[in-house]
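Below are some notes for a first reading of the model. Please keep the structure open while going through the points.

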Amino acid sequence: MQRPGVDPRMRNVLRRIALIPILVLAAATAVVAALGKASSFRSPLDGSSVPVSSFGEYRPDHLHPGVDLSTGGRTGLPVFAVADGEIYRLKVEWRGYGRALYLRHPEGRISVYGHLDRFDEAVLHLEGRVTDARLARSTPYPGDIYLDPPIRVRRGQRIATSGESGAGLPHLHFELRRDEQRPADPSPALGRMKPDLSLRFDTLYLVPIGPETLFQGERRAEVSLARDASGAFLPSKPLMVTGPFLPEASVVVEDGSGHRFGVSGISTRVDGRLVYESLLKDFRFDEYPQVGLLLDHALSSMAPSLFVYRFARLPGNSLGRVANVTEAPWPDLRPGSHRIEMSFTGAFGGSAKASIPFTLVAAPRLQWSPEKSEEDGSVRLALRWDGADPATLPRLRAVYTRTGNASPLECRNRLPLTAGESCSFDSGDLTPGIIATVLLGELPVARSLRLAQPLLDTPPEAPPLRVRPGIDSVDFEIASQRPESPLPSRLIFREGERETARDFVPRRSGSLEATLSLAAWKRVQEVMLECPASPRPLRSRISLAPHVGDPLSGLILRDCGIRLELPARSLFSSTALACEIEDHPPRLPGEGILLRSRLVRFLPEGLPFAIKARLVFPRPEATEHPERVGIYRVDSRRGGWTFLGGETKEAEVSLSIGRLDSYALLEDGSPPVILEILPAPGTVLGDSHPHFSVRVEDTGTGLNYDAVHLQVDGKEWEMEFDPDRGRASGSPSQGLSPGTHAVRLWAVDRAGNRTPVKSFEVSLR
C-alpha cells in the first residue's frame with residue numbers, strides 16, 4: 001500500500017538514504033574482517049619487526065617481492081611459521097634467496113622465508129631432505145626441493161633459523177604471496193613497523209614529449225625541490241615550458257639508520273584533474289619488465305640508493321592500477337599558468353606532496369633577416385619572434401652573445417619591430433655566428449643561431465651527429481666543433497621528393513641541437529647537414545638511417561659494429577633506437593683487464609624490454625684466451641663495470657638483456673688476490689675442527705662459490721665463497737690429529753685465472 005502524497009521519485013530517494021547506514025556498516029564490517037584476517041598472522045621473528053627493505057622496492061631488473069627484516073647483524077635467530085600451513089617446498093641456492101622455505105596456508109596464500117641458516121631438523125627433519133637432495137644431484141646447491149607429502153606446521157612453530165645465505169648480509173626475507181606467481185605486500189600482516197620515517201621529494205625531472213618542448217630554453221630540466229612552510233615541496237625556481245612534458249621525481253623514504261625504502265602509492269593531478277594513480281599492493285612475477293616503466297632505469301640505482309619514479313603512466317605499465325579509478329589522458333595544455341600536484345605514500349605509511357606551478361608559453365619562432373646598415377664596418381640584422389602569445393609579446397626581449405663566448409654583445413641602434421627588433425653589430429661578431437636568446441621576463445624561452453656565410457667551394461666535413469631518441473621525438477646533437485670549422489645551420493630530412501628542415505639551436509653547454517617528431521623520423525630516407533656559405537648553402541650527406549621499433553614487430557640494429565636483436569613484442573610502445581660509440585670509456589676495473597671491443601651506448605638509455613633482446617658482439621680475434629672474454633655493462637652516470645656473462649659460440653659472444661645500457665667486451669686476465677688467511681700460517685691450533693676463513697678479491701669476472709681451494713695434508717676441504725663479505729670459509733669434515741699439517745691454498749676466478757699456490761703449515765697441540 002502506497003503512502004498518499006509521496007512522489008514515487010522521492011520515495012526512491014528515501015529508500016537510498018535509508019540504505020546508507022547499512023552500506024556504511026557493511027564497509028566497516030569488511031574493514032574489521034580484513035584487519036582480523038591480517039592479525040591472524042604473527043611475525044616470523046620474536047620481538048618487533050624492523051624492516052631494512054620494503055615491498056615493491058626498485059631493483060635493476062625486478063621489484064622486491066617481500067620485506068627484508070633486520071636480525072641485528074646476527075644469524076641463528078629462530079624463525080616461526082606466521083600461520084598454520086604446510087611446508088611444501090625448500091630451496092637451496094648459492095645466491096638469490098639462499099636457503100628458503102615455502103609454506104602454503106589453508107586459504108591459499110603462501111609465506112616465504114629467505115636467507116635462512118638452517119631448516120629445522122629436530123622436529124621437522126628438513127636438513128635430512130637437503131642432504132638427500134645434495135647426494136642425489138651431486139651439488140651443494142640442489143635448488144628446489146619439493147616435499148611430498150607436505151609437512152604440516154602450526155602458527156608460531158619454529159621452522160628454521162635466520163642466516164645470511166644467498167645475497168646480502170644477515171637478514172630475513174619474508175614474502176606473503178596470493179599464489180605462486182603473485183606476491184603481495186606483507187606489511188599489514190606484520191603490523192606497524194616503522195613510525196620514524198622521513199619522506200621527501202628530492203629532484204624533479206621534466207621529460208619532453210614533443211619536438212617543440214623546452215624548459216627555460218633547454219631541452220631537458222632537472223630541478224631541486226624544497227619543502228615550504230605548509231609541508232609541500234616546491235621547485236627551487238620558476239618553471240617556464242614551451243611544450244608538452246612528463247614529470248619524474250627522485251623520492252626519499254628513509255629511516256634514522258640510512259635505510260631507504262620504496263613507495264606504495266603515487267598520485268598525479270594536472271590542474272586538479274587526476275591523470276595517474278598507482279597503488280602497488282601486489283603484482284605478478286611476469287610483470288617484472290615493467291619496473292622500467294614505473295621507475296626510470298637511467299636515473300635509478302641501488303648503490304647508492306636512488307629511486308626516480310615516473311609520475312605518469314607510460315604505455316604498457318599495468319603496475320598499481322586501482323580498480324574503479326579512471327585516469328584521465330595526459331592533457332594537451334594551452335598557454336598560461338598551470339599546476340602539477342604530485343604525491344606519494346611510503347611503503348610503511350606516511351606521505352609527501354609536491355606542488356609544481358609552471359607557465360606554458362607558445363614558443364616564438366625566431367627568424368633573422370639582413371637589413372641595410374648605415375654604419376661602415378657593421379652589419380644590421382633583424383630578429384623577429386613570430387607566433388608568440390599576444391599576451392606575452394610585450395614582455396619578450398632578446399640578448400645576444402657570440403658563439404663560443406658568453407659575454408653579451410651590444411645591440412646598437414636598436415629599432416623595435418611589431419614582434420622583434422633590429423640591431424647593428426660589428427661585422428667581426430658574425431664569425432662564426434651570433435646567438436640570440438629570447439627571454440620572457442628573466443627566463444629564456446627560445447634560442448636561435450645566425451651564422452656567417454664563409455666562402456666555401458665544397459661542403460665541409462660533416463661533424464659527428466648524435467641521435468637522442470625520446471618518448472615522442474628524436475633529438476640530433478652536435479656536441480662540439482673545431483673552432484676553425486664552419487658551423488652547420490640546419491638538418492635536412494628527405495622523404496622521397498619532400499624535404500623537412502630543422503634549424504640547429506644552441507644550448508648552454510655549447511652543443512647544437514635539432515629535433516624531429518618520432519612520426520616524421522619513421523619516414524626519413526636521407527639526412528643532410530646544411531652549412532651557410534656564400535653564394536649558396538652547401539650540403540653534406542650524413543650516413544644515418546632511422547631505427548624505429550614497433551610493439552608488434554621485431555627489429556635488428558646492426559650499427560656501432562655489433563648486433564641488437566629485438567624479438568616481436570619486445571617493445572612496450574613505438575620507440576626510436578640508436579647507438580653510439582663512447583670514445584672515452586671509464587677506467588677499466590683493474591690491472592690485467594683488457595678492452596676487447598668499442599664501448600657501445602644504446603639509446604634511449606634504460607629503455608626496458610617486455611621480452612628480452614639479444615646482444616651480439618663479434619668475438620675478438622687477437623686474444624689468446626677467448627674463454628676469458630665476456631660482456632660487461634657500464635653505468636654511464638656513475639662509472640663502474642659489471643660483468644654480465646655471455647655465451648661464446650663460433651665467431652660471436654652473445655647475451656640476453658632486459659634494457660638498454662652501455663656495453664663492451666672485456667678480457668679478464670687478472671687473477672684473484674688472497675688478502676688474508678685465518679688462522680694465519682704457522683698458527684698453533686687449539687681445536688681439532690678449525691674454521692678457516694680466507695679473504696679474496698677479484699676485479700673482473702668474479703668468483704664462484706667454489707673459487708677458493710684449501711687442501712690439508714693433500715685432502716681438499718669444502719670451502720664456500722661469500723661475495724658480500726669477500727670471504728671463503730670452511731671446516732674439516734673429520735677432526736685433525738695432533739701434530740703439524742701441510743696446507744695448500746689457491747683461488748680461481750670465473751675466467752680461469754689462478755692465484756699462485758700458497759703453501760704453509762699449521763699445527764695442533
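1. The side chain of Ser-473 makes a polar contact of 2.8 Å with the side chain of Arg-219. A polar contact is a pair of N or O atoms within 3.5 Å; within protein, one must be able to donate a hydrogen and the other to accept it, and residues adjacent in sequence count only if both atoms are side-chain atoms. Ser-473 belongs to strand E34, residues 473–478. Helices (H or I, at least four residues) and strands (E, at least two) are DSSP runs, numbered from the N terminus.

2. This is a predicted model, in which local features need pLDDT of at least 70, side-chain atom pairs count only at pLDDT 80 or more, and totals for chains, interfaces and linings use all residues. Residues are numbered from 1 along each chain as its sequence is written, and side-chain values use heavy atoms, with hydrogens and water left out.

3. Is Ser-473 buried or exposed? Ser-473 has 2% relative accessibility and therefore counts as buried (buried is under 20% relative accessible area, exposed over 50%, partly exposed in between, with a 1.4 Å probe and protein chains only). Beyond four places away in sequence, Ser-473 touches several residues, among them Gly-210, Pro-211 and Thr-515; contact means heavy atoms within 4.5 Å.

4. Arg-447 lies in strand E32, residues 443–451, and is buried at a relative accessible area of 13%. Its side chain has polar contacts with the side chains of Glu-218, at 2.7 Å, and Thr-437, at 3.4 Å. Residues touched by Arg-447, leaving out those up to four places away in sequence, include Gln-216, Leu-366 and Pro-506.

5. The count of aromatic pairs comes to 22. Rings of Phe, Tyr and Trp (its six-membered ring) pair if their centres lie within 6.5 Å; planes under 30 degrees apart count as stacked, over 60 as edge-to-face and the rest as tilted. For Phe-283 and Tyr-288 the ring centres are 5.9 Å apart and the planes stand at 45°, so this pair is tilted. Both residues are buried, and Phe-55, Phe-283, Phe-285 and Tyr-288 form one aromatic cluster.

6. Arg-89 lies over the face of Tyr-102, 3.9 Å from the ring centre. Arg-104 lies over the face of Tyr-88, also at 3.9 Å from the ring centre. A charge sits over a ring if NZ of Lys or CZ of Arg is within 6 Å of the ring centre and within 35 degrees of the ring normal.
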